[in-house]
Amino acid sequence: MNEPFVRSAAPGSASAESDGVPNSSAPQAESAFVGPGEPANPVNPANPNPEPAAAAGTSNPVAALDAAPAPVSERDRRFMALAQAAAEEARAAGEVPVGAVLVRGDEVIAKGFNHPISGHDPSAHAEMAALRAAAQTVENYRLPGCELYVTLEPCLMCAGAIMHARIARVVFGARDPKTGACGSVVDAFANPQLNHHTTVIGGVLEDECGAALKSFFADRRRASRAARAAARSEGGAEASGASDPAEPL
């Protein structure tokens with residue numbers, strides 16, 4: 001299992017509570033990408049290649065990079081489990097099982113699941129559904145201080161909506177090697193020029209979230225093979241019946 005990673009908001013960036021107008025007097029540093037045990041060191045233009053900081057209590061800089069990652073909190077596990085439950089609603093509807101919940105404090109204010117096929121809507125991803133429902137609930141298109149939990153790494157479309165909504169923190173489960181916009185394919189949240197920066201945590205209940213997706217596609221492949229086999233069998237039977245001589249009247 002891949003270890004969870006954390007990306008914190010860039011120092012000097014606009015806060016989640018603001019409308020995204022950056023402070024021109026604040027330095028716009030690189031967004032900090034924190035891997036397992038890796039310290040968040042923003043890039044200093046005067047020293048673009050700094051030496052890694054030593055871990056606390058040691059003079060060995062390598063120890064800081066090899067330190068154990070912070071464990072996943074029970075809070076994050078609890079809300080990701082709720083996102084998994086939303087994903088099962090998508091599965092029941094015949095959609096790819098991706099689910100999301102939007103949290104303010106310790107309260108779930110909205111949930112959503114993937115439904116672009118049944119909704120005839122290419123934008124109907126789980127994150128988008130949760131953001132729309134939350135905005136209606138609080139009657140505001142901005143959702144500062146809120147957190148989004150989603151079972152699959154957000155795509156570029158969802159990443160853009162997350163930033164426009166001023167979401168403070170995104171927690172995702174499985175990585176998406178085809179469309180993931182949190183580092184798997186592109187890293188939409190790492191651009192320091194953006195006027196809002198969201199903390200990103202990936203790999204929470206990754207195995208469980210990934211297993212749900214794998215089982216869905218495996219079931220769909222089996223059903224497709226069975227349908228093709230049935231069609232071939234039916235076609236063969238019809239061809240055989242057509243070649244038989246007609247019975248006498």
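A pocket, as the word is used here, is an open set of grid points where a 1.4 Å probe fits, with protein on both sides within 12 Å along at least five of seven lines. The model shown is predicted.

**View 1. The largest pocket and the residues at its centre.** The volume of the largest pocket is about 630 Å³. Its lining is made up of 21 residues, and those closest to the pocket centre are V96, L152, D176, L213 and F217.

**View 2. Helices and residue classes in the lining of the largest pocket.** Helices α3 (126-138) and α5 (206-243) each give at least two residues to the lining. The largest share, five residues, is supplied by α5. Sorted by class, the lining of the largest pocket holds 10 nonpolar, seven charged and four polar residues.

**View 3. R169 in strand β6.** Strand β6 covers residues 169-174 and includes R169. The relative accessibility of R169 is 18%, so R169 counts as buried, the limit for this class being under 20%.

**View 4. Side-chain polar contacts of R169.** The side chain of R169 forms a polar contact of 2.7 Å with the side chain of D76. Another polar contact, of 3.2 Å, links the side chains of R169 and Y149.

**View 5. Residues around R169.** Leaving aside residues up to four places away in sequence, R169 touches R75 and D76, the run C146, E147, L148 and Y149, and also T198, T199 and I201.

Terms used
Residues numbered from 1 in each chain as written. Predicted model: local features only at pLDDT ≥ 70, side-chain atom pairs only at ≥ 80, totals over all residues. Heavy atoms only, no water. 1 Å grid on protein atoms, 1.4 Å probe; cavity = no way out; pocket = protein on both sides within 12 Å on 5 of 7 lines; lining within 4 Å. Points joined across faces, edges and corners; volume = space filled by probe spheres on them. Helix = DSSP H or I, 4+ residues; strand = E, 2+ residues; numbered from the N terminus. Nonpolar A, V, L, I, M, F, W, Y, C, P; charged D, E, K, R; others polar. Buried < 20%, exposed > 50% of the residue type's maximum accessible area, 1.4 Å probe, protein only. Polar contact = N/O pair within 3.5 Å; in protein donor to acceptor, adjacent residues only side chain to side chain. Contact = heavy atoms within 4.5 Å.
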